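I opened my notebook to follow the aromatic side chains. Here is what I looked up, entry by entry.

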Amino acid sequence: LTLAGMVLVHFSVNLFNDYYDFRQGADQGNRFRNQFSGGSPFLVEGRVHPMRIFALALGTALAAFACGAVLVYRVDHGIGPVLWLMLAGFFGGFFYTAPPLKLCYRGWGELLIFLNFGVLPAVGAFYVQTRTLSWAAALAGVPIGLLTTNILWINQFPDYESDRAADKR
């Protein structure tokens, strides 16, 4: 359930990111779009209606939430670390581009990627398996968090002009 929930929430926040970046104009003016950056070609090229992407994002978020709800019940028997880790991850992922916070538009994108793709998954997976919060688990998430952040960072170069025009930092 942990893995399924993480995969589903990853799908969800990526779809929300594509949807909100498109809605805020960050992708349409990208002259250097490639397979790794520049937003969803499906939206920019008009192959998929934006509300379809939004519906897929919402559907995968609900499926991820269902996985998380089962883990909240089975691991913590109610409100506990699983719920708070799950909410922190979704909050950071959703509000990465979603209004009103649009955190990556305000310069918080790399930190959120580091936490949501490195530290939080490592801490959460470790906790679900051991019922122990651990600094060692957080440290184990640092390398993958840094790697993912660097992948995101290098993929921003082709997006520089269009991101700047959309006031995305």
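Entry one. I started with phenylalanine 16, which touches Phe54, Ala57, Leu58, Ala61, Phe90, Phe94 and Thr97, leaving out residues up to four places away in sequence. Contact here means heavy atoms within 4.5 Å.

A note on the source. This is a predicted model, where local features need pLDDT of at least 70, side-chain atom pairs count only at pLDDT 80 or more, and totals for chains, interfaces and linings use all residues. Residues are numbered from 1 along each chain as its sequence is written, and side-chain values use heavy atoms, with hydrogens and water left out.

Entry two. I looked up ring pairs and found 11 aromatic pairs in the structure. Rings of Phe, Tyr and Trp (its six-membered ring) pair if their centres lie within 6.5 Å; planes under 30 degrees apart are stacked, over 60 edge-to-face, and the rest tilted. The ring centres of tyrosine 20 and phenylalanine 54 lie 6.5 Å apart and their planes meet at 85°, so this pair is edge-to-face. Tyrosine 20 sits in helix H1 and phenylalanine 54 in helix H3, 34 residues apart. Helices are DSSP runs (H or I, at least four residues), numbered from the N terminus.

Is tyrosine 20 buried or exposed? Tyrosine 20 counts as buried, because its relative accessibility is 14%. Buried means under 20% relative accessible area, exposed over 50%, and partly exposed in between (1.4 Å probe, protein chains only). Phenylalanine 54 is partly exposed at 22%.

Methods:
Helix = DSSP H or I, 4+ residues; strand = E, 2+ residues; numbered from the N terminus.
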